[in-house]
Amino acid sequence: MLKLLAAGLIASAAIVGTAGIAAADPVTITFRFNDTEQEVRGAIDEFQKQNPDIKVELQRIGWKDARNQFLREAAVGQGPDVAHVAQVWVTEMGDAGATLALDDFLQKDPPPNGFADFAAQDLAHGKDGKIYGLPWTTDTWAMVYRTDLLKEAGIDSLPTTWEDMRKDSEAVYKKTGKAGFGFPAGSSASGAMWFLANFYWWSEGKALIVQKQDGSYALGLEPADVVAAMNYYKQYMDGGDNPQSNLAASDAHDPAIMQALVSGNQAMGAMPPNTYKEILKAYADANPGKEPPFASGPFPHQPDTKSSMIGGRMLVINANTKHPDEAWKFVKYMASQGVFANFYRTQFPAQNSLLKQIDFGAPLKGFAEQFPFARTWGAYASGPVPIGTLWNATQRAFGKALSGQVSTEDAAKELLAEIGKQMP
Amino acid sequence: MRDRLFITTMLLPSMVLLVLFYGYPIFDNLRISFTDLSLLGMKKGGNWVGLANYRELFHSGEFNHILFNTFIWLTATSVVLRLLFGLGIALLLNTRAMRVLRLAAVSRFALLIPWATPPIVAVVIWRFLLERNGFVNDALIGLGLISQPIAFLADIRTVWPSIVLIMLWNTVPLIALSLLSSLQTVPEEYYEAAELDGATSWQTFRFVTLPFLMPAILVLGLMSVFWSFNNFVYVWLATGAGPGTFTNVLATEVYLKAFVDFRLGYSSAIGMVMAVVMGAFGILYLRLVAQRQLEETL
């Protein structure tokens, strides 16, 4: 009997002991990040050190598949606890029920300067008015120039109009034999022509999607506006100053374009700051001690128009998460000053108070000048047609026109008809 | 009667598996094709729209262009060239000269390399080879054949031939090796008899070799049609269906509509059209190949 009692006590102690260990096990949350691991690894390690009760498992996926994958998983109760998403996806993800509303967290446990401190707040809201994402990083696109090639072509100042930009590009090509404005003219569903087309329209005070005073949405362009943008970019292809092979490039960070800028085979490019930083670094590595012959400048615009976008990323919490408090703790930490100061230095923070502290320096001067003339996607993101559809249709239409598949007039008509068909 | 019952009983597990893993998804896809289900609305489901997706598809300005690309470039051109090149290589490897020079084994091994290369890797390799500063442009410029690099995968004059070239590189070896096996089953006496009768090389090939190869060519041809018609990887990875929509095919259109435009209902309708076409080829396959095999077995 005594033996039985002793065995019972030992078994009970073992169970209690195991339960004690289980209680001490950290909660594991998954974070899906779409850029390189080294950009956030240090920040995650530091978070785990500060919060030994939370373990963060890093998952990585490419930007091209990130949105679809998350939506598919969230629809069936799966997916990471925290996800890295483009600002323009947040409204539709919130409306799809894929992400958690953050309003309660922001009220009970807000970031140091509150939600009002964040840029692109309009894009963080769902159509129900709730907040579904915390703006994390922000950036804008600007023009980048090889000053040595411009000088060789007899150009001593950066262009401020679209016409001058074209003339400079042509001059570089004719006088140096190098590419002028080499932009990625490919038609991939998430390519860069989308940005360049919109920058052109915005600089003219127009937009593909506009919200009317009564709150409804409409197409903001006439076929002639689309044709003008297509003809503008097509002349670079026809003139040869943007090589035909760039019809196969769709991204600003396409290796062919980056390499051409680094090696001095191309004079002008359009890109976000992290791509420009990579180019500067590659140049410095290849030419140690040499002053980089680069300058940045804003896209042409009028005094009262915009010519680039305030882009960036947000962090969202999956509606299916079993650890919402831990997920919020992590999201708040990742948006903190310490992370941007010590670890995540490739991007700019989305908080205005942190953004003001940044010294852009001479090479990034053009990006700083572009910010006041940049806009959010606004009606594009909150409108009735998914932004991916607008993006893809625009890419395809420009691809058809720039490759000579159809005339710019036909491509423009097709684009507006395609989008118009999906407007209510 | 008892035999029939026995056969039915034995086939039942396979039938159940087929219904579960093929029948159910097909019928569910058919159901979705009659709705406006969106990737953003998966939680609440789609609304019934009847034949609207099919009507839109058949009236779409792009549909004929996509069908042309799928049938003519992706399927017909690639299958015919695959068979021709495969046959040519098989005949070459089967020559006496190759055996005498002890090149047959080496060549067979060399053929295995492209065949064993996964399509994704094959496309990536060829993208490097065909790019502006790639080997192909460098070689053509070096030989003085061109003065400026060609944008092989972006120029509408070269993009389809380039895609077909990638497909051929990756898939011809299987055809060649299969046909080589068939060639080696042709009895030597037939060739000797043809020689005694004074047949020319062409006559020997036409009346001795080809009849022996025809069953294999038929099977490989039909299988190639299945592999090509449904193929997504070569076009998507090589060109992303571009420039513009120049190389868009049914499989890439399914992806674009489902995962770029989020229109799962419409995308399912395209999938059903593909299934019907494949079904027609399936019937052809059954008639021409499977039925013959069954008769031979019985």
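**A helix pair in chain B**

Mentor: In chain B, helix α5 (residues 104-116) packs against helix α8 (residues 159-183) at an angle of about 135°, and their axes lie 7 Å apart. The axes are lines fitted to C-alpha atoms, for helices over the stretch in contact, and angles run from 0 to 180 degrees between N-to-C directions. Helices here are DSSP runs (H or I, at least four residues), numbered from the N terminus. The angle makes α5(B) oblique to α8(B), since angles under 35 degrees count as roughly parallel, over 145 as roughly antiparallel, 65 to 115 as roughly perpendicular and the rest as oblique.

This is a predicted model, in which local features need pLDDT of at least 70 and side-chain atom pairs count only at pLDDT 80 or more, while totals for chains, interfaces and linings use all residues. Residues are numbered from 1 along each chain as its sequence is written, and chains are lettered from A and ligands numbered from 1 in the order in which they are written.

On the α5(B) side, Arg108(B), Leu111(B), Leu112(B), Pro114(B) and Trp115(B) take part; they meet Trp169(B), Asn170(B), Pro173(B), Leu174(B), Ala176(B) and Leu177(B) of α8(B). Contact means that the C-beta atoms of two residues, placed from the backbone, lie within 7 Å. By class, the contact of α5(B) with α8(B) has nine nonpolar, one polar and one charged residues (Ala, Val, Leu, Ile, Met, Phe, Trp, Tyr, Cys and Pro count as nonpolar, Asp, Glu, Lys and Arg as charged, and the others, Gly among them, as polar).

As for chain A, its secondary structure comes to 18 helices and 14 strands, strands being DSSP runs of E, at least two residues. The C-alpha atoms of chain A fill a box of roughly 100 × 60 × 40 Å, taken along the principal axes.
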